[in-house]
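Subject: Structure handover

Hello,

Here is the structure for you to look over. My notes follow below it.

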Amino acid sequence: MTQGTETAGKDRQVRHLIGGRAADSTGDETFETRNPHDNSVIGTVTRGTAADAERAITSARKAFDEGPWPKMTPRERRTVLHDVADAVDAHREELAQLETADSGKLLHQALHGEMPRVAQNLRFFADYAAMAGNEAYPDGATLSYTLYPPAGVVSAISPWNAPLMLATWKVAPALAFGNTVVLKPAPQTPLTATRFGELATAAGLPDGVLNIVHGFGGDEVAGPLTGDPRVDRITFTGSSATGARIMASAAAHLTPVSAEMGGKSANIVFDDADLDVAVPESIRAIFAGSGQMCFAGSRLFVQRGILPAFLERFTAEAERITVGDPKNQETAMGPLIEQRHLDKVHGYVELARSEGGTVLTGGSPLTTGGLERGFYYPPTIITGLANESRTAQEEIFGPVETVIPFDTEQEALHLANSSPYGLGGILFTTDLDRAHRMAAAWQAGTVWVNCFFERDLRLPFGGQGISGIGREGGQHSREFFTEPRAVMLRL
Ligand code: NAD
């Protein structure tokens, strides 16, 4: 077991987890992970090489081919995964503090939202794998049924915006269905995954079943994770550009890829909507997580008749958002992840201005009041742009909302679907028929009606267009993380 995350600051050494043990990079290089609130160094991370990834794959391969994990019954694996979930609950405060320091996420969100979800990911898939039935078709003299053996070694590659929640969204089903895993967290946020690996090992996960390697994409540590023929599945969450590179790499060995990628979701408010619901939910849909959400409703379409009234309330509420230190209870919006990302977000606001947009509120980095060392950007609302503008078409991944009026339901649907992305859709209306009509015609993986970000882990999660390949969640995760086999018996 490693002790790598127990010290603080620069002295906190973050190492790989390979074969149940902490491991340093064969390249002997490190990189720093920093707190987005004040840019302080909070850990020194071993910088993975291709050789490290190959070692981790070898470990996962051995644990799959020779170890107990894939041979255990789903009920036996369920017991271990519940113990891991219990360990997450017991260390919830510590994990939440690490997540906030590493990602800038609000502490109360980490504590009350994401860490409980981490434990839920584990319990849900452990229970699902133990409880799910298999199809069987007795048909005269033939009995046909389906088996779901594990796929093998899974590469899991995750982003920084919900680090441990999204990592376990992959690791939990992969393990529950009997696979072994190599996880590569985003380099910006390596802390909670490392601590999770320690906790999982201590809770009884056999050595080599979960391996964690740190570092960067491309030819470094991530290369073999997507291009090694010993990997049987690749599950990725991140940007569409990276997803395309991963698919190209995976194509060499025809390795199946599940990819949850970027978004530019439409949020449509009809004139019959209850504004007491639509305004606060629309605020949450773009400004929660400082807009660093794949599902962010970053194209807001408002029916023309209510546009002035809606905008007045929406802007006033955006201006009331307290931006600041994510550890403070009263803070509603924390920093962006890093300087490079802040520059990107501000670059898009500058682009919006040059495209003819009007910035109603926000629009420049926050650099006073104790925020000067961090990466703070205010809630920003832009009007006067067409849906075809680059600002309204490209993923900004920050607290920047583009508001565009529409007249008819047909036009709203056309605007929503006029995007290369197809991740989510949000709709506010009191007309139930319209809600069903829109949901049926919306080209998106998820549609929320009069709410935002409600989740049911049994439902398919993913996107269409450049937002995703495949779906995960419930039976969809089972389809991906197993190798379904048809068996036919002549009786
Ligand atoms: P990213 O694509 O830059 O990185 C994601 C992960 O991929 C990181 O671990 C990174 O190191 C790794 N990576 C980078 N290049 C690689 C390569 N060539 N081969 C293998 N791995 C590589 O994304 P990000 O900036 O960390 O995350 C933000 C993006 O993630 C946004 O586009 C957002 O919409 C998306 N996202 C999607 C979902 C979803 O469920 N659809 C959820 C969260 C975030």
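Which residue in S23 does Ser-144 stand opposite? Ser-144 faces Met-488. Strands here, at least two residues of DSSP type E, and helices, at least four residues of type H or I, are DSSP runs numbered from the N terminus.

Two points on the basis. This is a predicted model: local features need pLDDT of at least 70, side-chain atom pairs count only at pLDDT 80 or more, and totals for chains, interfaces and linings use all residues. Residues are numbered from 1 along each chain as its sequence is written.

Two strands count as paired if DSSP finds at least two bridges between them. The sheet is open, with three strands in the order S6-S7-S23 and antiparallel pairing. Strand S6 (136–139) and strand S23 (485–490) are at the edges with a single partner strand each, so one side of each has no neighbour in the sheet. On average, neighbouring strands of this sheet are turned by 15 degrees against each other, direction ignored. For such angles, axes are lines fitted to C-alpha atoms, for helices over the stretch in contact, and angles run from 0 to 180 degrees between N-to-C directions.

**A hairpin**

Strand S4 (residues 30–34) pairs with strand S5 (residues 41–46) in the antiparallel sense, over five bridges. Glu-32 has Thr-44 in S5 as its bridge partner. Six residues lie between S4 and S5 in this hairpin. In the turn, Asn-39 has a positive phi of about 65 degrees.

Strand S14 (residues 299–303) and strand S17 (residues 400–406) pair in the parallel sense over five bridges. Within that pair, Val-302 is opposite Pro-405 in S17.

**Domains**

The assignment gives domain 1 (13–261 + 467–487) and domain 2 (266–449); such bounds come from an automatic or database domain assignment. Their centres, taken over C-alpha atoms, are 31 Å apart. The contact takes 16 residues from domain 1 and 20 residues from domain 2. On the domain 1 side, helix H3 (92–103) and helix H4 (107–131) are the elements giving two or more residues.

**The ligand**

The ligand is surrounded by 30 residues, counted as near if the C-beta atom, placed from the backbone, lies within 6 Å. The closest are Pro-159, Gly-217, Gly-238, Thr-242 and Cys-294. Domain 1 and domain 2 each give at least three residues to this shell. Helix H7 (222–227) and helix H8 (240–251) each supply at least two. H8 has the largest share, three residues.

Best wishes

Key:
Two residues are in contact if their C-beta atoms, placed from the backbone, lie within 7 Å.
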